[in-house]
Every structure is written in structure tokens, then in C-alpha cells.
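Biologist: I have not looked at this one before. Can you put it up and take me through it?

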Amino acid sequence: MLSLDALNRPQREAVTHPAGPLLVLAGAGSGKTRVLTWRIARLLAGGEDPGSILAITFTNRAAREMKERVRALVGSKVSEGMWISTFHSACVRLLRQELGRVGRSPGFTIFDADDQHTLMRRCLQRAQLAERQYAPALVLSMVSQAKSRLEGPAEFAARPGGYQHQRIYELYRLYQEGLRENHALDFDDLILETVLLMREHTDIRRHYQGRFRHVLVDEYQDTNFAQYELVKLWAAQHRSVFAVGDDDQSIYRFRGAEVRNLLSFEADYPDAKVIKLEENYRSTQNILDAAHYVVSQNLYRREKRLWTQRPAGEPVLVLAVEDPGQEAELVARGVEERVAAGVALSQCAVLYRTHAQSRPFEEACVRRGLPYSIVGGVGFYARKEIRDLLAYLRLLVNPYDYLSLRRAAQVPRRGLGEASLTRLEEHGRRNGLTVLEVLARAEDVEGLGPRQVRAAGALGELLSPLATPALTTSVRCLVQSTLDGSGLRDEITGEATDLAEAQGRLENLEEFLSACEEYERSGDGRGLAGFLEGMALMTDGDRWDDKQDRVVMMSLHSAKGLEFDTVFLVGLEEGLFPHARSLDDNQELEEERRLCYVGMTRAKNRLYLSWARERALFGRRAAGIPSRFLAGLPCGPAQPLFPPERASVHRPAPGPGPEVTVPWRVGERVRHPRFGGGTIVAVQGAGETAQVAVAFPGNGIKQLLVQYAGLERKEG
DNA sequence: ACAACTTGGCTTTTT
DNA sequence: GCCAAGTTGT
């Protein structure tokens with residue numbers, strides 16, 4: 001039996017808790033993955049059937065890590081047959097397994113954000129609504145919210161609402177119709193359809209409820225209503241839900257996550273046990289203090305405080321810089337410093353609020369020859385050449401994917417335009433034909449000229465030899481022949497105006513090919529369909545190879561669940577972080593603050609926060625105001641980053657008129673509302689936006705932003 | 001049908 | 001500052 005000495009008391013209690021509902025409130029870095037893996041390992045070591053275990057994570061990366069760690073504890077033989085996956089993967093698996101049995105096609109395609117967008121635009125056209133008034137993104141987000149509440153079009157229509165609501169309903173209905181016609185499901189459908197399937201079919205429900213004797217859910221605070229219902233449904237018979245989460249790390253409200261699911265766990269399961277993990281094994285006390293200071297400003301949270309046995313460590317540092325260029329330069333220098341101190345490059349991370357901020361950091365790394373990887377942003381498979389190729393491949397897997405036909409038929413150009421494609425599509429849909437059938441018999445399509453019929457036939461002939469052996473040939477070969485047959489390569493080299501760019505795009509295709517190879521080596525054995533499905537369900541973070549020794553740059557959202565020796569949390573300015581879109585809603589503001597907390601708690605040993613006095617926004621330059629998250633933050637003294645002559649900055653006076661400078665001076669006596677009287681020991685900037693380090697007798701040195709600190713000058 | 005050009009619109013975060 | 005959609009001309 002596994003020895004439990006490696007666990008602390010509450011961890012051990014969670015791991016050994018008898019079957020039954022259990023909520024583990026696990027603070028950042030408190031060893032929640034450890035608890036989950038040990039729990040599973042203990043169950044297996046105790047003779048539990050691996051097939052009775054269902055563990056849900058939010059990313060494939062987390063699932064993979066958990067599998068590996070369980071295997072390391074009990075060996076791969078014992079752990080064979082468990083379900084450890086994301087909600088979405090588990091649902092796909094279940095749907096593929098069961099849909100056939102209830103007379104529905106298990107061969108659906110998963111539509112990603114891009115496909116959803118394209119489809120919604122077509123719905124708008126069909127409904128004769130102007131895109132101006134009904135932005136596809138907005139309608140899609142309403143549809144997504146509806147689905148995450150388990151509302152189909154009918155339920156959505158039943159909600160009270162005016163004219164606008166009625167139009168959205170129509171779009172929702174059209175959109176669902178479009179998905180069905182293309183034999184496709186979107187991300188939200190995966191969950192929704194699984195819930196419906198389980199609810200409607202007693203035999204299926206019974207089967208899974210009987211099977212899943214242990215349901216474990218990671219990041220429980222990030223579940224939406226549909227996922228929450230699904231967990232209840234899965235676990236209904238054995239009622240052994242092992243939920244792990246942290247309300248302070250709830251950062252997905254915008255996509256329907258409800259912390260309420262976590263906070264009301266005890267109401268759902270009155271016999272639930274709740275265990276808190278508050279000992280942190282990751283960060284220094286200084287980092288924890290700073291992070292706690294930020295998140296504790298939130299009104300809506302369960303009070304908890306992380307502690308560590310580790311020493312205080314270096315103080316958290318706030319860097320005030322001129323502009324993003326300097327910010328990047330400084331970060332790059334900081335990375336070099338850490339590397340010189342023996343820290344691995346891959347243990348240094350740059351975290352930002354929006355992907356748009358990554359560019360200067362990338363440039364700074366190139367200038368200094370620092371290897372880096374960017375996680376997310378314009379994702380690999382969002383690139384044009386990849387999506388073009390994917391259109392062909394998806395057509396081979398799903399012969400009803402008319403959306404992909406459109407794309408494949410237009411890149412490269414082959415004499416079929418918008419009008420002809422619409423005719424082909426309408427015809428195919430009306431008669432329930434596959435794409436290939438329509439293309440082969442294009443002469444049956446009304447309103448098509450002889451030229452177009454010939455073009456359609458040619459496309460069909462190009463596709464059909466590929467389509468035949470789709471499931472048997474090796475994925476790599478298939479992709480290779482698609483690439484050759486489609487003329488996509490020539491398309492890139494032919495239209496190239498920028499040679500380097502064309503080169504890059506060809507390289508991307510090569511990378512795609514090697515991804516195919518890698519997939520085949522993984523031995524999944526599900527051919528092209530399996531490969532495409534994996535791609536659809538993969539996040540950018542999942543694609544990131546953390547074995548490579550490179551500085552990593554990513555959004556704060558992608559950073560959740562990761563840890564680094566050194567973290568540079570950049571762009572801490574009002575309007576950027578917290579983001580402008582969240583400023584008028586307190587709930588969203590609190591989410592931003594939690595996001596800040598998540599970012600800060602990624603750091604093990606060093607944490608740097610930076611803000612820029614000036615930042616280009618919308619191509620216009622704007623003055624940067626330090627983020628409210630910095631106000632009063634317990635951190636080290638101001639950093640002497642600039643030559644002295646630049647340490648004082650002019651601030652425009654309100655309205656026209658001369659600029660005023662109100663310098664604070666080292667040695668000046670000030671008063672702080674909370675810390676009392678003190679003396680300035682360092683200054684950066686001037687006037688309202690200045691940062692000062694003040695020594696308070698008995699309170700130590702605090703770095704303060706004048707603007708928020710409520711600092712008053714004392715005479716004399 | 002398609003390519004070159006112009007306009008305008010706007011940006012969170014992601015399974 | 002960028003990209004994507006719309007408009008024009010061949």
C-alpha cells in the first residue's frame with residue numbers, strides 16, 4: 001500500500017476519505033494535483049476497477065499530467081481503463097460510443113470557433129439580418145450561454161424578451177439547423193448533447209451511473225451549469241463526487257462558469273465533507289502576501305489565507321517603465337539575470353492580460369538571442385494555410401461538411417464562386433447528398449453553367465481518390481497526397497510577394513505533417529478522424545512543449561495551473577489590467593483581480609510586476625495609469641531603473657495649459673492613512689502617478705502609488 | 001469569377 | 001496599428 005507520509009494532514013484526510021461527496025478547497029500551490037493523483041492511486045491500489053474511475057480536468061495538459069503521475073504511483077498496468085480527460089473529450093468519447101445505438105450518427109465533426117463564426121455569418125445572411133446590428137460574435141456568445149444553461153432554441157424562445165430576443169432565437173434555430181446539416185457539433189453541444197442523451201435514455205444513463213463509482217473533478221469553480229448537471233448525472237448512483245477547486249481562482253465567468261457550483265456544494269450534498277488545503281508548497285511568503293493582499297480586496301470570496309514554511313524570500317518588485325518597448329527590454333534583462341543565477345530559461349515566464357501585448361517581448365528576445373515560445377495568440381491551426389489544408393482533410397472525414405467544401409473549393413481558386421457554391425450547397429442539403437455526390441452530379445444542380453459543372457466535376461475527381469482510403473492509409477500519407485493533389489503548395493509559392501512569409505507558411509505545413517507522424521506514433525489508431533478530433537479539442541497550452549528550454553510567454557488565462565521560478569506579470573495599467581471592458585461591472589472587476597491573483601501565485605521565487613507610463617492603444621498613444629491592483633501592494637523598494645534625469649516625469653494638467661510637475665523628494669515626510677507617518681526613501685515619477693517607497697517606523701518599507709495611497713505631505 | 005483597393009471596426013480571456 | 005469585410009474594376 002502506498003505510504004501516505006509524503007502528504008500533510010488535510011491532504012491525507014482527503015486522499016483517504018471514504019467514498020462519498022467531498023469538496024477540497026485547494027488554494028494555489030497547495031498540492032491539489034497531488035491529492036487527486038494520490039486519491040486515484042489509492043483507489044487502484046485498494047483493488048478498485050480502473051474503469052470505475054472518471055477524472056475530469058479542464059485542459060488536456062492537466063489530464064496528461066494526471067495520467068502520468070498516477071502511472072508513476074501504481075504502474076501502467078493497474079491504471080489501464082480509467083477515464084482521465086477533459087469534459088469535452090469525455091463527452092466526445094461517450095457520444096461516439098452511444099449515438100449509434102440510439103439511431104443517430106456518431107460521425108460528427110467538431111466545429112471550432114472559426115467554423116462557428118462562419119456558420120453564424122451564413123445564418124445572418126439567410127435571416128436577412130445585418131451583421132452590423134447582430135455581430136456574429138455577440139450572437140454566438142448568447143447561444144453559447146444558452147447552451148451552457150442547457151437551453152435549446154425552444155427553451156431560449158420561452159424566456160421573456162422583446163424583438164431582439166426573438167431575432168436571436170431565430171438565429172439560434174438557424175445555427176442549430178446549420179450544425180445538423182453539416183453533421184457538426186460545437187463545443188457547447190458536446191456537453192449539452194451528452195446531458196440530453198443521458199437524460200433521455202434510461203439504459204445509457206444506468207450504464208454510466210453504475211460504472212462511475214468515483215467521479216473526480218478538478219477546477220470545480222470553473223464548471224458551468226451544463227457541466228455541473230453532467231457531473232451530478234454521472235455520479236447520481238454512487239454519489240462519490242470528489243470536487244477540487246478554489247473560488248479565488250475562478251476566472252472563466254465570461255464563458256459561463258459559475259463559482260456558485262463550488263460554493264453551494266454542501267447544499268447539493270448535505271452529507272459532504274469539506275477539506276481546506278492552505279499550506280502552499282510553491283511560493284515564498286512575500287509572494288503569497290502580495291497575492292493575498294490583491295485578492296483579499298474582493299468582497300465576494302470565502303476568506304482563506306495561504307501560508308508556507310518557506311522563508312520570506314526576495315521582495316516582490318514593481319517596475320515602472322516608459323513604454324512597452326522598455327518593459328520588454330527590462331524583462332529580457334531580468335531573464336538574463338535569472339539565467340546567470342542558475343535558473344532555467346523555461347522557468348521564466350512573461351504573463352500578460354491580452355495576446356496583443358506579446359510582440360515587444362518577442363522582439364526583445366530576438367534582439368538578445370533568448371530562445372522563447374509563445375503559447376496561444378494566433379494559434380497554429382488558426383493560420384490560413386493550416387485551415388485551408390484542414391478544409392480538405394475534414395471533407396474526407398465528414399462528407400457532409402459543406403462549410404469545408406466552401407473553403408476547399410476557393411483555395412486555390414478553381415472556377416467556383418460564391419453563387420455557384422451556394423447553389424451546390426442548397427441542392428446537396430435539400431436532397432441529403434454528400435459533398436462528393438453533389439460534385440459528381442453537378443449537372444443536376446439548377447442554375448449552374450456548363451463551365452461551373454465542369455469545375456465542380458474536376459474538384460470531385462480531385463477529392464474522391466483521397467476520400468476512398470481515408471480510414472486505412474496512414475495519416476501522414478493521406479495528408480501528403482492531399483497537399484500534393486490540392487495545389488495548396490503552389491498556391492503559397494505562386495502568390496508569394498514576401499519570400500520569407502511564403503517560406504514560413506510552407507514550414508507550417510511541414511510542421512503539420514510532423515504532427516501527423518507524431519500522432520501515428522502515439523498509436524491511437526483512429527486514423528485521420530482521431531487526429532482531427534484531437535486537434536479540435538486541443539488548447540494552445542496543450543500544444544506547448546515545456547521540455548524545451550525557452551522563455552515562455554502566455555496570457556494569464558493560459559498560465560493557470562502552471563508554475564515558474566520567475567514570473568514577469570506585465571502591463572499592469574488601468575484599462576489593460578483590469579481590462580477596460582470590466583471596469584463598469586464589479587463582478588467582472590473581481591474576476592480581473594482573481595486573474596491577477598492567479599498570475600502572481602504562479603511564481604515560486606521571484607515576482608515582478610510592471611506598468612508603462614505610455615502605451616500604444618488603437619494605434620494611438622495613451623498615458624498609462626498604474627493598475628489599481630498595485631495600490632498599497634506589499635513589495636520591495638522602487639527600482640532605480642532609469643537615469644536620474646528621467647526619474648521625474650511631467651504630467652499634463654487638466655485642460656489646456658502648461659504641464660505641471662509635482663515632485664516628491666527623498667527624505668520628505670509623509671502621512672499614510674493606514675501606516676501613519678513615514679519618510680520617503682526612494683522616488684520614481686512625479687505627481688499623482690509617482691511611485692514612492694516610504695519607510696514607516698514599525699511598519700517597514702512600503703512601495704506606494706501616490707495616486708491610490710492617499711499620501712499626504714507633512715510640513716517640515 | 002476574381003483581384004485590387006478602400007473603409008471601417010475594433011479587440012479580453014478559451015474548452 | 002492591425003485585420004477583415006465591402007466595393008470597385010477587369
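Biologist: How many aromatic pairs does the count come to?

Modeller: The count comes to 15 aromatic pairs. Bear in mind that this is a predicted model.

Biologist: Take Phe-87 and Trp-234. Why is the pair stacked?

Modeller: Planes under 30 degrees apart count as stacked. The planes of Phe-87 and Trp-234 are at 10 degrees, with the ring centres 6.4 Å apart, so the pair is stacked.

Biologist: Which parts does the pair tie together?

Modeller: Phe-87 belongs to helix α5 (residues 87–98) and Trp-234 to helix α12 (residues 225–234), so the pair ties together parts that are 147 residues apart in sequence.

Biologist: Are Phe-87 and Trp-234 buried or exposed?

Modeller: Phe-87 counts as buried, at 1% relative accessibility. Trp-234 counts as buried too, at 0%.

Biologist: What about the rings of Tyr-208 and Phe-212, how far apart are their centres?

Modeller: Their centres are 5.7 Å apart, and the planes of Tyr-208 and Phe-212 are at 35 degrees, so that pair is tilted. Both Tyr-208 and Phe-212 are buried.

Biologist: Which residues form the aromatic cluster with these?

Modeller: One aromatic cluster is formed by Phe-58, Trp-83, Phe-87, Tyr-208, Phe-212 and Trp-234.

Biologist: Now charges and rings. Where does Arg-96 lie?

Modeller: Arg-96 lies over the face of Phe-108, and the distance to the ring centre is 4.0 Å. For Arg-255, the charged end sits over the ring of Tyr-252, 3.9 Å from the centre of that ring.

Biologist: Change of topic. What surrounds DNA strand C?

Modeller: Arg-121, Phe-618 and Gly-619 surround DNA strand C. Of the atoms of DNA strand C that come within 4 Å of the protein, 56% belong to sugar and phosphate.

Biologist: On to helices. How do the axes of α6 and α7 cross?

Modeller: Helix α6 (residues 113–126) and helix α7 (residues 136–148) have axes that come within 9 Å and cross at roughly 105 degrees. That makes α6 roughly perpendicular to α7.

Biologist: Which residues of α6 and α7 meet?

Modeller: On the α6 side they are Gln-116, His-117, Met-120, Arg-121 and Leu-124, and on the α7 side Pro-136, Ala-137, Val-139, Leu-140 and Val-143.

Biologist: How many residues of helix α15 are buried?

Modeller: Nine of the eleven residues of α15 (residues 285–295) are buried, so the helix is largely enclosed by the rest of the structure. Among them are Ile-287, Leu-288, His-292 and Tyr-293.

Biologist: And what covers the buried residues of α15?

Modeller: The cover includes α29 and β14 (603–612).

Biologist: Now the loops. Where is the place of Ile-251?

Modeller: Ile-251 is in the loop between β7 (241–245) and α13 (260–263). At 0% relative accessibility, Ile-251 counts as buried.

Biologist: What is Ile-251 in contact with?

Modeller: Leaving aside neighbours within four places in sequence, Ile-251 is in contact with Asp-222, His-557, Lys-560, Glu-591, Arg-594, Leu-595 and Val-598.

Biologist: And Gln-357, buried or exposed?

Modeller: Gln-357 is buried, with a relative accessible area of 7%. Its loop runs between β10 (348–352) and α17 (358–368). Not counting residues up to four places away in sequence, Gln-357 touches Tyr-352, Val-570, Gly-571, Leu-576 and Arg-615.

Biologist: Backbone next. What is phi of His-183?

Modeller: Phi of His-183 is near 50 degrees, a positive value in a residue other than glycine. His-183 lies in the loop between α9 (163–181) and β5 (184–186). With a relative accessible area of 27%, His-183 is partly exposed.

Biologist: And phi of Glu-219?

Modeller: Phi of Glu-219 is near 50 degrees, a positive value in a residue other than glycine. The loop of Glu-219 is between β6 (214–217) and α12, and Glu-219 counts as buried at 11% relative accessibility.

Biologist: Last one. Is the peptide bond from Phe-577 to Pro-578 cis or trans?

Modeller: That bond is cis, with omega near 10 degrees. Pro-578 lies in the loop between β13 (564–569) and α29 (586–600).

Terms used. Residues numbered from 1 in each chain as written. Chains lettered and ligands numbered in written order. Predicted model: local features only at pLDDT ≥ 70, side-chain atom pairs only at ≥ 80, totals over all residues. Heavy atoms only, no water. Phe/Tyr/Trp six-rings, centres within 6.5 Å; stacked < 30°, edge-to-face > 60°. Helix = DSSP H or I, 4+ residues; strand = E, 2+ residues; numbered from the N terminus. Buried < 20%, exposed > 50% of the residue type's maximum accessible area, 1.4 Å probe, protein only. Lys NZ or Arg CZ within 6 Å of the ring centre and 35° of its normal. Near = heavy atom within 4 Å. Axes fitted to C-alpha atoms, helices over the stretch in contact; angles between N-to-C directions. Parallel < 35°, antiparallel > 145°, perpendicular 65-115°, else oblique. Contact = heavy atoms within 4.5 Å.
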